[in-house]
Amino acid sequence: MLQLIKTIKKRDPAIHSWLETLLYPGLWAIVFHRPAHLLYRCKLFFIARLISQCTRFFTGIEIHPGAQIGNAVFIDHGMGVVIGETCKIGNHVQMYHGVTLGATSSEKIQRHPIIGNHVIIGANATILGAITIGNHAKIGAHALVIKNVPDNGLVLAEPSHYKIES
């Protein structure tokens, strides 16, 4: 928890003190995911899901207890984040509100994304299926990602629906 608090304080310029980090829903979603994941691995599925659903109620962030989440994962403004059961998230990942790491299959296989280390995922981005997002990749806001992204890759949503007039 201390490492995550340091990460949040370092990455969010709006933080004035470590005490403010205790108000971040992303912190609590990750903190409560840890015991839920442990219970899930011990096949105590109901208790694991109960913890994840209570956490969702209080934070607005839904993390399936089967998801594997690395260290220093920072969910900023987390409302509406959904992380699926077979998702694997590396270390030092930052994601914003509305991110979905979802499946495209109902089979009991790896069906959610694998996110590398040091990845940034913008607000309302959707990453679907058993794809891999490489290390140091950046996924822009509102992007829909359905194919693998290489290390250091960049994916942007096409802003064709915007009209800018001068």
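A residue counts as buried when its relative accessible area is under 20%, as exposed when that area is over 50%, and as partly exposed in between. In this predicted model, F45 has a relative accessible area of 40%, so F45 is partly exposed. Y40 itself counts as buried because its relative accessibility is 17%.

A search of the whole structure finds 4 aromatic pairs. Another of them joins Y24 and F74: the ring centres are 6.3 Å apart and the planes stand at 40°, so this pair is tilted. Here distant parts of the chain are linked, since Y24 sits in the loop between α2 (18-21) and α3 (25-41) while F74 belongs to strand β3, 50 residues apart. Both Y24 and F74 are buried.

Strand β3 leads on to the sheet. Five strands form an open sheet in the order β3-β6-β9-β12-β14, with parallel pairing. At the edges lie β3 (74-75) and β14 (154-155), each of which pairs on one side only. Strand β12 (residues 138-139) runs parallel to β14 and is joined to β14 by 2 bridges; I139 has V155 in β14 as its bridge partner.

F46, in helix α4 (residues 45-59), counts as exposed because its relative accessibility is 64%. Together with L44, I47 and L50, F46 forms a nonpolar surface patch, and the four residues share about 400 Å² of accessible area.

How values were computed:
Residues numbered from 1 in each chain as written. Predicted model: local features only at pLDDT ≥ 70, side-chain atom pairs only at ≥ 80, totals over all residues. Heavy atoms only, no water. Patch = residues over 30% accessible without salt bridge, like charges linked within 9 Å, V, L, I, M, F, W, Y side chains within 5 Å. Areas by Shrake-Rupley, 256 points an atom, 1.4 Å probe, with all protein chains shown as cover. Salt bridge = Lys/Arg side-chain N within 4 Å of Asp/Glu carboxyl O. Helix = DSSP H or I, 4+ residues; strand = E, 2+ residues; numbered from the N terminus. Buried < 20%, exposed > 50% of the residue type's maximum accessible area, 1.4 Å probe, protein only. Pairing = 2+ DSSP bridges. Phe/Tyr/Trp six-rings, centres within 6.5 Å; stacked < 30°, edge-to-face > 60°.
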